[in-house]
Number of protein chains: 2
Amino acid sequence: MDTLLATREPLTPAAFEEALRGQVHRYHHIHPFHLAMHEGRLSRPQVQHWVANRYYYQQIVPKKDAAILSNCPDPAIRRVWIERLHTQDGTADGQGGLESWLHLAEAVGLAREEVLDERHVVPGVRFAADAYLTFTRTQPWTLGVAASLTELFAPDLMRERLAAFAQHYAWVDATGLAYFQARIHEAPEESAFALKVVQQYAVTRQQQDRALGALRFKCDVLWSLLDAIEHTAQALR
Amino acid sequence: MDTLLATREPLTPAAFEEALRGQVHRYHHIHPFHLAMHEGRLSRPQVQHWVANRYYYQQIVPKKDAAILSNCPDPAIRRVWIERLHTQDGTADGQGGLESWLHLAEAVGLAREEVLDERHVVPGVRFAADAYLTFTRTQPWTLGVAASLTELFAPDLMRERLAAFAQHYAWVDATGLAYFQARIHEAPEESAFALKVVQQYAVTRQQQDRALGALRFKCDVLWSLLDAIEHTAQALR
């Protein structure tokens with residue numbers, strides 16, 4: 001039996017899921033900037049810098065989810081995926097994930113305007129977040145779904161962050177941390193559905209490899225975003 | 001005063017609305033194929049041909065609305081626009097506008113499969129509908145909204161169509177006409193919001209001209225679609 005060919009057999013659903021979850025070593029929970037954040041080594045201006053820059057990514061999220069909807073031909077899947085837009089945008093003024101992040105911004109001492117007008121956003125953050133949006137617009141929708149699977153790794157990071165803020169950044173009002181609290185519950189439900197879709201559509205080994213590649217790409221986006229934040233935060237002691 | 005420059009003054013909101021509504025002479029309610037339909041001159045296979053081909057356009061609609069969402073930076077506008085996706089896709093299996101159109105297909109004697117697999121869709125219909133989707137993906141979202149304003153003209157066409165089907169195509173079960181009935185009520189609400197958005201964002205004369213151009217483009221899409229249907233329906237006596 002040709003081993004080269006043999007390695008191209010599709011992974012079993014369990015092995016494929018394991019391979020996807022195995023990408024956690026590329027996830028940004030171990031980025032030096034996050035380590036510094038969670039060990040309490042960030043200054044107040046550095047926390048603000050992170051919050052303002054990360055908002056640029058946050059406001060991309062509903063647009064990338066709409067791009068996935070726009071490329072997805074199945075109404076039954078769209079009906080589930082559309083809930084992500086409601087989660088981010090809310091159903092009324094003052095609700096939703098974007099608004100929660102703006103509350104966080106206020107809690108760390110930023111004005112809404114200086115977040116919304118993007119004055120603090122550095123080019124590397126913009127390029128990384130924009131690359132994600134472009135990916136979801138131009139690649140098959142199933143790869144956009146696969147890229148979303150970083151959510152598999154999010155709840156642990158959110159729990160760690162909440163503990164770190166309570167311990168090291170007590171000057172941030174706890175009500176400002178609602179976004180992280182919400183994601184602990186939202187992310188598992190969203191990623192469970194996304195995983196099901198990816199397993200349903202990625203059936204050949206080539207398709208599974210592409211899905212893994214999409215998830216790696218997304219890890220690169222998140223990592224690169226923090227690289228740009230870390231680099232520009234050094235001047236903000 | 002330079003008359004050339006003078007003509008480039010922005011239109012008043014009322015004059016702009018009048019100019020938009022004035023594009024009705026380009027709307028497809030007066031296309032020869034619609035005239036033939038409403039005068040009862042279509043054969044059963046021709047009605048089926050229209051229903052099957054028009055479904056290709058219908059299934060583009062939620063994708064183009066998601067593209068507008070993906071390009072729109074304002075959560076407050078997205079919160080309203082997202083309702084269009086719910087209208088087309090429904091909130092459960094067997095609901096929504098796409099499903100209503102499939103009921104119509106069954107009422108005129110088509111199987112769901114032969115509509116969903118697009119076997120009857122002619123190239124001209126595909127190209128016109130795809131052009132609309134590409135427009136909403138690549139042009140500013142405000143022009144996608146302007147293009148949707150053909151809905152200003154839809155209710156009259158829907159009423160005329162319902163009457164024509166009752167009179168000339170009594171072989172089509174009336175329950176199959178629910179889509180047209182629903183649009184009489186949905187279209188005015190949707191177009192009122194779209195008109196408000198267009199008036200808010202198209203403030204210079206150049207922007208107003210572009211909005212008018214987007215609406216003309218959309219009229220061309222609908223017209224071209226019927227041209228392709230009419231041309232290929234001639235063999236179906």
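**Ground rules.** I am working on a predicted model, where local features need pLDDT of at least 70, side-chain atom pairs count only at pLDDT 80 or more, and totals for chains, interfaces and linings use all residues. Residues are numbered from 1 along each chain as its sequence is written, chains are lettered from A and ligands numbered from 1 in the order written, and side-chain values use heavy atoms, leaving out hydrogens and water.

**Helices 10 and 11, chain B.** I found that the axes of helix 10 (residues 154-168) and helix 11 of chain B come within 9 Å and cross at roughly 165 degrees. Axes here are lines fitted to C-alpha atoms over the stretch in contact, with angles from 0 to 180 degrees between N-to-C directions. Helices are DSSP runs of H or I with at least four residues, numbered from the N terminus. By class, I noted eight nonpolar, one polar and three charged residues in this contact of helix 10 with helix 11 of chain B. (Ala, Val, Leu, Ile, Met, Phe, Trp, Tyr, Cys and Pro count as nonpolar, Asp, Glu, Lys and Arg as charged, the others, Gly among them, as polar.)

**Helices 2 and 12, chain A.** I then read off helix 2 (residues 13-21) and helix 12 (residues 205-233) of chain A, which pack at about 20 degrees with axes 10 Å apart. That makes them roughly parallel. Their crossing is right-handed.

**Largest pocket.** Next I checked the largest pocket, with a volume of about 200 Å³. A pocket is an open set of points on a 1 Å grid over the protein atoms alone, where a 1.4 Å probe fits, with protein on both sides within 12 Å along at least five of seven lines; lining residues have an atom within 4 Å of a point. Points join across faces, edges and corners, and the volume is the space filled by probe spheres set on them. Helix 5 of chain B gives the most to the lining, with five residues.

Note on methods:
Helix = DSSP H or I, 4+ residues; strand = E, 2+ residues; numbered from the N terminus. Parallel < 35°, antiparallel > 145°, perpendicular 65-115°, else oblique. Left-handed = near helix turned anticlockwise from the far one by under 90°.
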